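Thanks for coming, everyone. Please bring up the sequence and the structure side by side, and I will walk you through a few places that I would like us to look at together.

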Amino acid sequence: MQRRRFLRSMVATSAALAAPRVAGALPMLDPFSPQPDRWRTFDLTTTIELAGASGPAAAWIPVPAVSAATWIKPAASRWKTNATSVKLVHDPVSATAMVYAQWTASATVPSIEIVSRVATRDRTTDFAKPGTAADLLPADRARYSAAPAEIVRERAGTIAPGVTNELDKARAIYEWVVTNTYEDPQIAGCGTGDVAAMLASGKLGGKSADINGLFVALARAAGLPARVLYGVRVAPSAFGYASLGANGPDVTHAQHCRAEVFLSGFGWVPADPADVRHVIAAEPPGHLTLDDQVVIDARSALFGAWETNWIAYNDGQSVQLPSAELGPLPFLLYPQAEIGSARRDGLAAETFRYTIAVSELGA
């Protein structure tokens, strides 16, 4: 059923883009309405070669470890490598999972291939029917409610002042972020997630780590536990949105961050204001506005629903790489490596020489 809907929407989108555009007209896509129907299983293969390495080398590669019975189930990762030692390790604070490999100076070309299998399906929230979701454990509530910077608390106080209902408060923050931010194509990767710097500059442009990070920080400042999930797109959108999916089996540059807010009775609720801004910036024919129907549809759905053609790695922030020479990272989304005491640029896959490929089982 979903495959037929995807093919139909692809044909409709291609035809509409090929035809002359009437002013104000856009391709008609299927309504963006993810539903938790069938599970899909993907193999994610990350391959690293540390070409030109001179001296001992080490690498830290994130692997999928977020698990939720309703929408994502990772299996154990497996690997093959010429490393002297390799093991699965975790950041001691956030429990972020990564494969840690070490090579001696004698390794000709340090290399490793990691295959991670993940089952996932779409998710949605029926806000008309609060459930009986268990509350967060005290330690988790404290972690996901960590007080943000003063400038974040000040801004949060201006959004829906006096609103006490958790759902209304979360939705107001989501709508504020969608309305007031923009995607900045000049920012590398998914951005840095430095929300305080964004607000201090007055320029609320960024990528998914920035925009969804802003939503999370404002939610925490308003008293709602929230978190950023760091992951990668793995398949096209079933609803025909070119901007909201992977464009092929090579997903080396398809990283994307999403957000969740914890609401009493509902549990973790998905939200992705950054993808609304991404639709505006990148959905053909480009440069859309908040008033375009495809944006309206995505905006409506992306508070409370996700199309999980995307795999989450972790929700860690200020991640310490075990045994690394250098300090912690804001988050672990890209493979990392050190040769001697010098860290390779994880965003520069072409010089770092890593690839990430995806295949869907049973497709």
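In which loop does Glu283 lie? Before I answer, please keep in mind that what you see is a predicted model. Glu283 is found in the loop that runs between α7, residues 273-282, and α8, residues 293-301.

What makes me stop at this residue is its setting, since Glu283 is buried and yet has no salt bridge. The nearest side chain of opposite charge belongs to Arg233, and that one is 9.4 Å away; the cut-off for a salt bridge is 4 Å. What the side chain of Glu283 does reach is the backbone nitrogen of Ala242, at 3.2 Å. If we set aside residues up to four places away in sequence, Glu283 touches Leu29, Gly240, Tyr241, Ala242, Ser243, His278 and Leu288.

Tyr241, one of those contacts, takes us on to the aromatic rings. By the rule applied here there are twelve aromatic pairs. One of them is formed by Phe32 and Tyr241, with an edge-to-face arrangement, 5.2 Å from centre to centre and 70° between the planes. Phe32 sits in the loop between α1 (2-18) and β1 (40-49), while Tyr241 sits in the loop between β11 (226-233) and β12 (255-263), so this pair ties together parts that are 209 residues apart in sequence.

The charged end of Lys73 sits over the ring of Trp39, 4.5 Å from its centre, and Arg123 lies over the face of Trp306, at 4.6 Å from the ring centre.

Finally, let me turn to Ala172, which belongs to helix α4, residues 166-180. Ala172 counts as partly exposed because its relative accessibility is 24%. Leaving out neighbours within four places in sequence, Ala172 is in contact with Ile159 and Ala160. Thr45, by contrast, is 39 Å from Ala172 in space, C-alpha to C-alpha, and 127 residues from it in sequence.

Conventions
Residues are numbered from 1 along each chain as its sequence is written. This is a predicted model: local features need pLDDT of at least 70, side-chain atom pairs count only at pLDDT 80 or more; totals for chains, interfaces and linings use all residues. Side-chain values use heavy atoms; hydrogens and water are left out. Helices (H or I, at least four residues) and strands (E, at least two) are DSSP runs, numbered from the N terminus. Buried means under 20% relative accessible area, exposed over 50%, partly exposed in between (1.4 Å probe, protein chains only). Lys and Arg count as positive and Asp and Glu as negative; His and the chain ends are not counted. A polar contact is a pair of N or O atoms within 3.5 Å; within protein, one must be able to donate a hydrogen and the other to accept it, and residues adjacent in sequence count only if both atoms are side-chain atoms. Contact means heavy atoms within 4.5 Å. Rings of Phe, Tyr and Trp (its six-membered ring) pair if their centres lie within 6.5 Å; planes under 30 degrees apart count as stacked, over 60 as edge-to-face and the rest as tilted. A charge sits over a ring if NZ of Lys or CZ of Arg is within 6 Å of the ring centre and within 35 degrees of the ring normal.
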